[in-house]
Every structure is written in structure tokens, then in C-alpha cells.
Amino acid sequence: MSSSPVERGQLQKKQPRPSFFQRINSIRKKTPQTIPSDNSAQSETENNSGQGNRTFFSTIGNFVGFSLESIPGSNTPEMKAIELCKSIGWDNVSFFQLIEYINELRLSKTMLSFNPRINSYENISSFIKHYFSNDCVAAILRQFTTLQEPSVCINNGNECFGIAIIHALMSCPPFIKYVGQKQPETEIDHIIRRIVAQYLVNWHSIYITDLVSALQFEKDSREDAEEFFRRLSYAFFNSDFGKINCTKKLVCQRCNMCTLTRDENTRLMLSCNQKYTTTIQEVIKFSAREQLVERKCYVCEYPYAKIKYLYELPNVLCFSLASLWTGSSLNFIGITKNPDFSPFETEQPTESNKYRLGGVVYFRGAADERNNHYFAEVLYSTTDPKVSWFGETLIAENFYVISMNKKWKFFQEIYLADDQRDIVRIESLSQQITEKPYFLVYYKK
């Protein structure tokens, strides 16, 4: 990098994250001059059989030990990349080879000429599906296992309800681990793996259009974020991950007859007292209490019983707050970063089972429903607040040093991820956010 390196450990003043367009312009400036423009490509090929294109993927070629001269077929960068993908051998590709491969993909003419304000996902969908092949995605999921900041997701038409949920899930390490370990079997499995792989390498043009379609949402329709998560969980999560199981315990107040009813893949039954303000921890405590209900005992026919809900909670715990806002006098819910869910659980959790906040999805309502919008606030634990996004000059070195040095302290960074604006770091939760929290994502530490 041209600027002098900043000493590690120094806390940096939070700076706005450069936009997608600023980063693309930065990449354009670094593009090798020997890559021809569209107008000069034909004449270059005619004059010297495509020698001007030799720099495309040349560095990755050196990494894997072969020359572009040995690649048959057309001299266009796209055709060379097709053969290159076959030649790498994804089972043995290294971390640094993947870094170089992704960086070279960024320099392709297809991506450099792509502008999401003008073009749509359909213009690059075949490019993404081809170069992020199933084998390439598997290699990325093996080599990249942690995230330190969110990536940009582009809205291809009323997809904010899904983008916000994806942002929140991606901030949870157990979710990343699950995606990497789950054996892909369905189309949805492969689509999610491709999205996560792009997220892990901080690809600059991430779309969830294929996932929205695969979950059977109509294009350009306005949908609910919680419904997106529920369809995703049914289609992608197995019985051991991401699903809440509940045992409803009903005890007669006369004869103490106990009835147990078990529900699988259910929701948290949340309630709160009618205060104007509350916190997530207070909601948990209030919702987990025993409640007196009218329920006739089938033994003694006494009309009252006490009911309590006991939950088996997953590693990634997601739930909606919509029921708390409906018909309530609440005007504020404080988000607890590390809540204690033990009042809900059938067994007392150990310290390792404590939960940590991953993301908050907010809903911005409008008089005109066409202007309704979802966005997310996400939290990441990082070893170095100066680590930049994937693709900058020193990113590989940073990752390497961090992985080798175990003395780094962890910092928690908070990001506002809104597809209507740039991703920015913020100082605290709910900073300058007036919308009500709608959906929460927690994960076990």
C-alpha cells in the first residue's frame, strides 16, 4: 500500500466505508494497462494473436505452476478463465491462491464494466455461477472460515427483506460453520453456499436473487423478513440446527395432573408487561414465567391450570419481536447484547452456552407500502480494527499475521448494513436509528 502502515493495536477513528463504486474505481486504476478495451481487443488479437491479454490471470497462473500459453481455446479472458478453473485443482488450492484468483476475477472486463445502477443481476448471473462453481465454492468454504466485516449485497428489486436476514445470519460464526459442513444436496443448498462464499471473500457484487426465487417469492413482490427466514430454515436447516423445539407443560391447580406437549420447529412465545420501555432480558424473564390459564383438567375437570414453555434452543437463535409491538404501549425495546436465556431452557446452560448478539433487523414503515424497507445492524468480533476489506494490498498478510499471533485482543465492531446506503461502522447499537427492531439473531459463544 502507498501509505505507511499503521501500528497494530492502535484504535483507529471510525471512517465511512468506501462505497462499491469508489472501490471499483480504485480497482480500475490498478488494472494492468495491457488488458485491452472492448474497442481495441479485436485489433490486438489480429495483430499478435491476443498477446495483450496475457496478463489476465497471469499471477494465479504462476501460483499453480502452469503458463497461459498452455491453455487451449480462445484468447479472450473469459475462455482462458474457463480453462484455468479446470486446471487449478480445487481440492488442493491454497488460501493465497484463492485470494489471487478472486482478485483477478475482479479485474475481468465483465466485472469492471458492470454498474448495478445501470445493469441488473441478469447481466452477470452466468459469470457468477460459472466462476463461483461448486468446486470453487467448496474450496473457499474450506479455506475461509471467519468474517470480520459485512459485504455489500445489491438489491435487485424489493429484496431488502431477504438481504437484511442474510446480513444478520452472516455475522454468526456457527452459521458460517454449518454452511461449510453441510453436505449440499439441493439447489437451495448450492445457492446459499455460493452466497456465503462470495461473502467470505468480500465479493463486491453479491445478489440473493436466485435464493429469493428458489424460496418461491414472486419477483418484485414486497415480503416479510420473518417469512423469508422461516422458508429458509425449512429448506436449509436440518433438525439439529437453527430450529426451536418447545415442550408445553400444563399443571392442573387442583389435582396437579401434568400434561406435556411437544412442538418442533416452533417460535418463541414472547410477551411483556405493559411498560413504555423494556429490554430483551426483561422480555425473556417475563415470557418464561408460569402463567395461570383457563384450561379444564380432563381428570378432575378443574377449570384452571398453570402453563410454562420450556425450549430447546439452537446454536443460532432467531426470533421476531412483532408480537411485542402489536397492540402494545411499548415505544422502546433495549437490545441486550449477551442475554441469559436460561429461564427458557429445559436445562441450565453452562457458560459456553451463553448467547451473543449477531444482528438486528429493523423495519421502516411508510404510508405508501411501496416504500417499506428492511435493513440490519450487525456485530462482528475482530482482532484488529484496522483490517481492511478483502482485495486490498495487505489483506493476505493481515489474515496471516492474525492467525499466527494469538496475543491480539478482540474488538467488537458494529455495522449498519442497508442496501440503500453504504455499509458503515457505527459507535453503538441503534445509533441514529429511529425504527423499531423487528427481528433478532443471536448465537452461542
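**Salt bridges, nonpolar cores and a helix pair**

Arg262 is partly exposed, because its relative accessibility is 41%, where buried means under 20% relative accessible area, exposed over 50% and partly exposed in between (1.4 Å probe, protein chains only). The model is predicted, so that local features need pLDDT of at least 70 and side-chain atom pairs count only at pLDDT 80 or more, while totals for chains, interfaces and linings use all residues. Residues are numbered from 1 along each chain as its sequence is written, and side-chain values use heavy atoms, with hydrogens and water left out.

Arg262 forms a salt bridge with Glu264, with 3.5 Å between the closest N and O atoms; a salt bridge is a side-chain nitrogen of Lys or Arg within 4 Å of a carboxyl oxygen of Asp or Glu. Glu264 has a relative accessibility of 59% and therefore counts as exposed. A network of salt bridges links Arg262, Glu264 and Glu312. By this rule there are 10 salt bridges. One of them joins the side chains of Arg425 and Glu413 (3.4 Å, N to O). Arg425 lies in strand β11 (residues 424-426) and Glu413 in strand β10 (residues 411-417), so this pair ties together parts that are 12 residues apart in sequence. Helices (H or I, at least four residues) and strands (E, at least two) are DSSP runs, numbered from the N terminus. Glu413 is buried, at 4% relative accessible area. Lys182 and Asp189 also meet through their side chains in a salt bridge (3.0 Å, N to O), and both Lys182 and Asp189 are buried.

In soluble globular proteins, nonpolar side chains tend to be buried together. A nonpolar core is a set of buried Ala, Val, Leu, Ile, Met, Phe, Trp, Tyr and Cys residues joined through side-chain atoms within 4.5 Å. The largest such core has 78 residues, of which Ile140, Phe175, Trp203, Leu211 and Phe228 touch the most other members. Helix α9 (residues 160-170) gives the most to this core, with 9 residues. A second, separate core of 40 residues includes Leu250, Phe319, Leu321 and Leu429.

Helix α9 packs against helix α13 (residues 225-236) at an angle of about 60°, the axes being 8 Å apart; axes are lines fitted to C-alpha atoms, for helices over the stretch in contact, and angles run from 0 to 180 degrees between N-to-C directions. The contact (heavy atoms within 4.5 Å) involves Phe161, Gly162, Ile165, Ile166 and Leu169 of α9 and Ala225, Phe228, Phe229 and Leu232 of α13.
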